[in-house]
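Here are a few friendly notes to read alongside the model. Please keep the structure open as you go through the points.

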Amino acid sequence: MSATARKKAPNAEDIRARKGDDPLVSLTAYTTPMARLMDNHCDFVLVGDSVGMVLHGLSSTLGVTMEMMILHGQAVARGLEAAMMVIDMPFASYEESPEQAFRNAAHLMAETGAGAVKLEGGVEMADTIRFLVKRGIPVMAHIGLTPQSINTLGGYKVQGRDEQAEAVLADAHAVTEAGAFSVVLEKVPQGLADQITAGIAIPTIGIGASAGCDGQILVVDDMLGFFTAFKPKFVKRYADLGPLAEAAIAEYAAEVRARNFPAAEHVFADHAPTKGPKS
């Protein structure tokens with residue numbers, strides 16, 4: 001194989017087969033340029049409904065629509081070749097019935113080219129996951145803290161401590177048995193995350209869980225320092241680009257007001273330059 005040949009993007013079964021292997025790497029993306037930057041470094045890229053908070057200024061993910069997910073999914077797809085794309089099903093697009101979930105999941109995949117959908121919920125969503133998988137829709141599950149349920153969970157709290165642990169364990173086994181090819185564990189205590197990872201046959205993807213999970217995911221704007229409204233405990237800032245971007249914008253604004261930009265090298269002469277004689 002040529003040294004410059006690109007790897008083929010994995011599919012859901014490839015991700016499932018990575019259980020217990022080298023850790024899976026994932027980030028969220030919402031735009032083509034960002035997708036291109038992460039394409040060669042991630043096994044899968046998630047078009048997350050976190051886009052509502054990160055790019056649209058919403059206070060939660062509850063206001064995200066199918067139209068928004070399709071728009072951003074199409075943008076991300078244009079930037080990916082080597083990584084698989086997974087797309088979130090937004091709030092109220094799948095909870096009503098398995099049939100509703102199938103219609104919307106099929107629509108998302110057809111419009112964006114995503115290789116799988118992700119939906120939140122454990123025991124209560126097992127029948128829906130089973131329905132989708134039997135009809136050709138690969139499903140990544142999401143348990144623990146499920147942001148679309150913050151109104152019933154009482155906020156963005158750790159899930160699975162003390163007497164809650166059995167419920168989260170039951171969720172993990174339910175989505176596995178229903179046919180999910182992997183499961184995101186969000187804001188779950190480390191010991192419980194390790195117990196789940198050892199006890200189920202599909203990869204666990206941690207976000208605020210444990211380094212022992214089969215993979216990890218972060219919101220890219222969190223780890224790059226672009227999103228600064230708040231910083232979850234589980235986020236490591238690998239760069240602090242927000243202040244750098246603001247400083248660049250401030251410098252631009254100052255130069256414009258001082259009429260230092262555009263300079264001579266940034267403008268065009270009244271007449272095209274004459275070309276010299278051919279030698």
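1. Strands here are DSSP runs of E with at least two residues, helices are runs of H or I with at least four, and both are numbered from the N terminus. Helix H4 (residues 66-77) packs on the sheet, where it touches E2 and strand E3 (84-88), and its direction makes about 170 degrees with that of E3. Touching, or contact, means heavy atoms within 4.5 Å. Angles run from 0 to 180 degrees between N-to-C directions, with axes being lines fitted to C-alpha atoms, for helices over the stretch in contact.

2. A word on the source: this is a predicted model, in which local features need pLDDT of at least 70 and side-chain atom pairs count only at pLDDT 80 or more, while totals for chains, interfaces and linings use all residues. Residues are numbered from 1 along each chain as its sequence is written, and side-chain values use heavy atoms, leaving out hydrogens and water.

3. Strand E1 (residues 24-28) and strand E2 (residues 44-47) run parallel and are joined by three bridges; two strands pair if DSSP finds at least two bridges between them.

4. Now the whole barrel: eight strands close it in the order E1-E2-E3-E4-E5-E6-E7-E8, with parallel pairing. From one strand to the next, the twist averages 25 degrees.

5. Helix H5 (residues 98-112) lies across E3 and strand E4 (116-120), and runs at about 140 degrees to E3.
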